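Thank you all for making the time this morning. I would like to walk you through one protein chain, beginning with the whole and then moving to a few places in detail.

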Amino acid sequence: MAKVKEKFDNVFELDLGDGIKRIGTKSLVHNKRVYGEKLVNIKNTEYRVWNPNKSKLGASIINGLKEMPIKKGSKVLYLGASAGTTPSHVADVAENSPVYAVEFAPRIMREFVESCEGRKNLFPILGDANKPEEYANIVEKVDVIFEDVAQPNQAEILIKNAKWFLKEGGFGMISIKARSVDVTENPKVIFEAQKEIMEQNGFTIIDAINIEPFEKDHILFVGIWNGQ
Ligand SMILES: C[S@@+](CC[C@H](N)C(=O)[O-])C[C@H]1O[C@@H](n2cnc3c(N)ncnc32)[C@H](O)[C@@H]1O
């Protein structure tokens, strides 16, 4: 018998009876898959299984994220939307609240727009996360910025967007890919350097999650914005 338990606001532990640790979100759009994820029905509710191999946020939750800043009612700015895998789960969690999702590759954007169909709170924005001023007329002040862009200046991009859009006391969540910063340097050194950039520019880091074995040399930092 399948069982469900709410782990964080609108994030559920799904026990399908096979001993595998799974999480999921309630389907906001019934019977619609975004990336081939499994759909399960438990007690008349449909859940989308959140695949940690395809989502760094999903992997972080499985690997022990302490607090989930994205909750029902959170306004979110998502940088690096790709085709919408993680943004779709984030939108399920936020439920009625807007998730603004920025992606700069037009081809991927087309796929992403398709996956937004029927999702009333997920807003695709074709834009460069390095230039927040270009989407400042669309995005409002948010509770959380989530970033997954795999660029050498990942931490700087978060800070730039926080200055424009993050409420004081809001959360920045950033997935750092060591190899995008420097392929030769030890990942631990890179993570420390990126953390320092954030701490010197207005964030207090409250959590750091290594997401192996799902992704190699990646870390997810969670920080509180002091409103610089
Ligand atoms: C690792 S993928 C994101 C995967 C996605 N977050 C998910 O979990 O479903 C990184 C994405 O960031 C996008 N990207 C990279 N640099 C960007 C920038 N400066 N502005 C907007 N998007 C960017 C890439 O085109 C790519 O689609």
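This is a predicted model: local features need pLDDT of at least 70, side-chain atom pairs count only at pLDDT 80 or more; totals for chains, interfaces and linings use all residues.

Residues are numbered from 1 along each chain as its sequence is written, and side-chain values use heavy atoms, with hydrogens and water left out.

So, the overall picture. The protein chain has six helices and 12 strands, where helices (H or I, at least four residues) and strands (E, at least two) are DSSP runs numbered from the N terminus. Along its principal axes, the C-alpha trace spans about 50 × 40 × 35 Å. For 228 residues, a compact globule would have a radius of gyration near 17 Å, and the chain agrees with that, having 17 Å; the radius is taken over C-alpha atoms, and the globule rule is 2.2 Å times the number of residues to the power 0.38. Of the 228 residues, 51% count as buried, and here buried means under 20% relative accessible area, exposed means over 50%, and partly exposed is in between, with a 1.4 Å probe and protein chains only. If we take the contacts (heavy atoms within 4.5 Å) with a separation of 6 or more, residues 24 or more positions apart account for 60% of them.

Now to the pair of helices. Two packed helices are described by the angle between their axes and the distance between the axes. How do the axes of helix H4 and helix H6 cross? The axes of H4, residues 154-165, and H6, residues 187-200, come within 9 Å and cross at roughly 20 degrees. These axes are lines fitted to C-alpha atoms, for helices over the stretch in contact, and the angles run from 0 to 180 degrees between N-to-C directions. H4 and H6 are therefore roughly parallel to each other, since angles under 35 degrees count as roughly parallel, over 145 as roughly antiparallel, 65 to 115 as roughly perpendicular and the rest as oblique. On the H4 side, the contact is made by Gln154, Ala155, Glu156, Leu158 and Ile159, and on the H6 side by Gln194, Ile197 and Met198. By class, that contact has five nonpolar, two polar and one charged residues, with Ala, Val, Leu, Ile, Met, Phe, Trp, Tyr, Cys and Pro counted as nonpolar, Asp, Glu, Lys and Arg as charged, and the others, Gly among them, as polar.

Next, helix H2, residues 85-94, which is mostly covered, with 10 of its 10 residues buried; among them are His89 and Asp92. Thr85, in this helix, is buried at a relative accessible area of 18%. Not counting residues up to four places away in sequence, Thr85 touches Val34, Tyr35, Lys54 and Ser55. Lys54, for its part, is placed in the loop between S5 and helix H1 (56-62), and with its neighbours within four places left aside, Lys54 is in contact with Tyr35, Thr85 and Thr86.

What about the backbone? Most residues other than glycine have a negative phi, and most peptide bonds are trans. Just after H2, Glu95 takes a positive phi of about 65 degrees. Ser82, in the loop between strand S6 (76-79) and H2, has a positive phi of about 50 degrees although it is not a glycine, and Ser82 is partly exposed at 37% relative accessible area. Asn44, in the loop between strand S4 (39-42) and strand S5 (45-49), has a positive phi near 65 degrees and is exposed, with a relative accessible area of 81%.

Finally, the loop between strand S11 (203-210) and strand S12 (218-225) holds Pro213, and a cis peptide bond, with omega about 5 degrees, joins Glu212 and Pro213. Lys216 lies in the loop between S11 and S12 as well and counts as exposed at 58% relative accessibility. Lys216 and Ala178 are 38 residues apart in sequence, and from C-alpha to C-alpha they are 9.0 Å apart in space.
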